[in-house]
Amino acid sequence: MGKVWSAFFVFWAAAAVGLCWVSPHYGWWLPGEAASPLGTEIDDLFHLILIITAITFIGTHAVLGYVLWKFRTGQNRRGTFTHGSHNLEVIWTIVPASIMLFISLYQMDVWQRYRVKSTFDQQAMRAPVAEVTARQFEWRIRYPAPGKVLKDMPQPDDLYTVNDLHVPEGRPVVIKLRSEDVLHSFFLPHLRVKQDAVPGLVIPVWFEALHSGEYDLVCAELCGWGHYKMRGRLTAEREADFQAYLKKLSETQFDDGVTSQPAEAAEDENSQAAEDES
Amino acid sequence: MSVRTRYIFSLCTALLLAGCGPSPDPSFVLSSKTDELFRDARTPVVKALEENFGSPNNLVVWAKLPLDYGKAEPEVAGHEEAGWKIKHGRNLYMVHCLHCHGVSGDGNGTTAKFLEPRPRDYRNGVFKFTSTLSGLKPSRNDLKVILQNGIPGSTMPSFVLLKDDELDAIIEYVRFLSMRGEYEIKLVNEMSAMGGVTKDIERRIADGRKDKENGETRESILQELNEAIEGDLPDLQDSIASDLAEDWNNAESPDSQVLPELERVAPTAESLARGKDLYYSKKAKCVDCHGLSGRGDGALTEDYWDVPNTTPAQKYHVRGLHDVWGNPQQPRDLTRGLYRGGRRPLDLYRRVFAGIKGTQMPAFGGTVLNDTEIWDIVNYVMSLPFDGKVSAAPAPEEAPSQEEKVAVTGR
């Protein structure tokens, strides 16, 4: 390999590091600050692992570039044969292994809170806010009636929406995730929550939105030609607003076209009366 | 660079650029009926469609149609020219709807063949789930409700996250496509009545050859056809457009809305029992299609049915009912709790009152059943997912606690 090629390989490594370095300034980084308490810790883990891998990446590529440059072609040298170094082998086995061991132990706490059911908030587990059923290509949502507990089977007073999930803010909430057809993945990028929806399984997923607001809900598992369409919206709101939302939903869903329009009907009658008079 | 490197490099570049280049302009397809017309009758139809509707990349604003094309608003960026709204709708349609419903709204997009039920063909101007009386067009709001909620149980997804003005623009474009399709069908029917169908002309020519003295010749037949077309076409175009305008405007009128006069009858055990009796009665005949247990497997789904308007009568190859699009149509399985046209009691009332357009679900309202009877049936239907024991209804309001009562009296 000549000078050009050593420069070529060093250039791409340097470009990758440079691009990562500037990307937060251009908004090419994480989707905003984590909007959930666990999300913050997941971000910390991500950054820790990123730092470790970045140091390793820069170190190995610096050595690679140095070796490419030093032993480039056209220097009229003879290579020497070496059978390897036992000490070096031991070092570069033990050092990465201990880093891996450290990472695996260090993340256990977050993993446990994220995925081990017995550690979930028990109150939230007892009263899931909604059942979310993924389907090609939308999210169908079933809430229990205000003040009721979500049952496994549909109930006469259940409330239904599509692609529009509302949850109360500031406390852990659980949704029951199902799939009607194929594998989907329930992904809340801002809350750093991602869970596959598996046909035949009912999977509890917990998260906590720190602040009121609207967040993206997307499918993170290629589920068919319309995968890109499978976008929903998570709205976190204050408990009172959430209850009001459910109440309004109930009114809309059980609308019979008469009782819901007393104001309108009264207006009609008034206008008719006015017409009669004239 | 060595010769080999250069060779590999140019090969890679060629591969990368393969497929680049201008793609062909999209165009509206003609209905199969139009293609059955003889050239002399087909050409004016094609010309009329081009003049009045244009092509996807070159839409025509035709003031005779009840469409909100978007008025020119010189002060607003993007709205300088009339027709901005229909163009906006077209662009959104191309992104969100085209791959199932097709460029022309014929329900024949690229993904359509994978879907069951098939995507809707709008071109006959029939939309299944509306708030309007039997036989009427949908209102703009009906189309919006479908876009927002999707159609559960079909592959029509919800577009609830699109903005209101985006939905409005899409709806206007769908109405445009539907009017274009219906305009074409109506014009072709007129042309057929004038004797413009190729098969008819060929038959007449053959008959004429048999009777050399008094029979028609090819020239006389075509002359007659051309004279008829020349004489009638301008008036025809206008009258079809005004018919369309009347139909679509009518759907927006409050008088066309199906609204019950009585509020929903409370879904008591008595109401469910009355609804059940009606379900099995000779009067409502629900059981004939929806079956003894409400699973959509009634006796009428066992037969082979005639294809309408065929002489001699042909039968469908598939057992069971068919809709006006000629697709096999399963009466709804009422035990699943999936309601395609919406799950509000009002929606179910409208389905029973005005039927489902384009399908075998008839309209019962006003004639066969009165309001109370319809509500009893609705209550019974809404109880079928729960083994007929309780009907879907809102949870009773909890009695206000002592504190709230105090607060209320205090005010």
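**Salt bridges and chain shape**

Over all chains, the count comes to 38 salt bridges; a salt bridge is a side-chain nitrogen of Lys or Arg within 4 Å of a carboxyl oxygen of Asp or Glu. This is a predicted model: local features need pLDDT of at least 70, side-chain atom pairs count only at pLDDT 80 or more, and totals for chains, interfaces and linings use all residues. Residues are numbered from 1 along each chain as its sequence is written, chains are lettered from A and ligands numbered from 1 in the order in which they are written, and side-chain values use heavy atoms, with hydrogens and water left out.

**Exercise 1.** Locate the two ends of the salt bridge between Lys137(B) and Glu182(B).

*Solution.* 
- Step 1: the closest N and O atoms of Lys137(B) and Glu182(B) are 3.0 Å apart.
- Step 2: Lys137(B) sits in the loop between α5 (98-101) and α6 (140-149) of chain B, while Glu182(B) lies in helix α7 (residues 164-193). Helices are DSSP runs (H or I, at least four residues), and strands are runs of E (at least two), numbered from the N terminus.
- Step 3: the partners are 45 residues apart, so the pair links distant parts of the chain.
- Step 4: Lys137(B) is buried at 10% relative accessibility, and Glu182(B) is buried at 8%.

**Exercise 2.** Which helices does the salt bridge of Asp376(B) and Arg274(B) link?

*Solution.* 
- Step 1: the closest N and O atoms of Asp376(B) and Arg274(B) are 2.8 Å apart.
- Step 2: Asp376(B) is in α13 (residues 371-381) and Arg274(B) in α10 (residues 269-280), both of chain B, 102 residues apart.
- Step 3: Asp376(B) is buried at 3%; Arg274(B) is partly exposed at 38%.

**Exercise 3.** Why is chain B more spread out than a compact globule?

*Solution.* 
- Step 1: chain B has 14 helices and two strands.
- Step 2: its radius of gyration is 27 Å, well over the 22 Å that the globule rule gives for 411 residues. The radius is taken over C-alpha atoms, and the rule is 2.2 Å times the number of residues to the power 0.38.

How values were computed
Buried means under 20% relative accessible area, exposed over 50%, partly exposed in between (1.4 Å probe, protein chains only).
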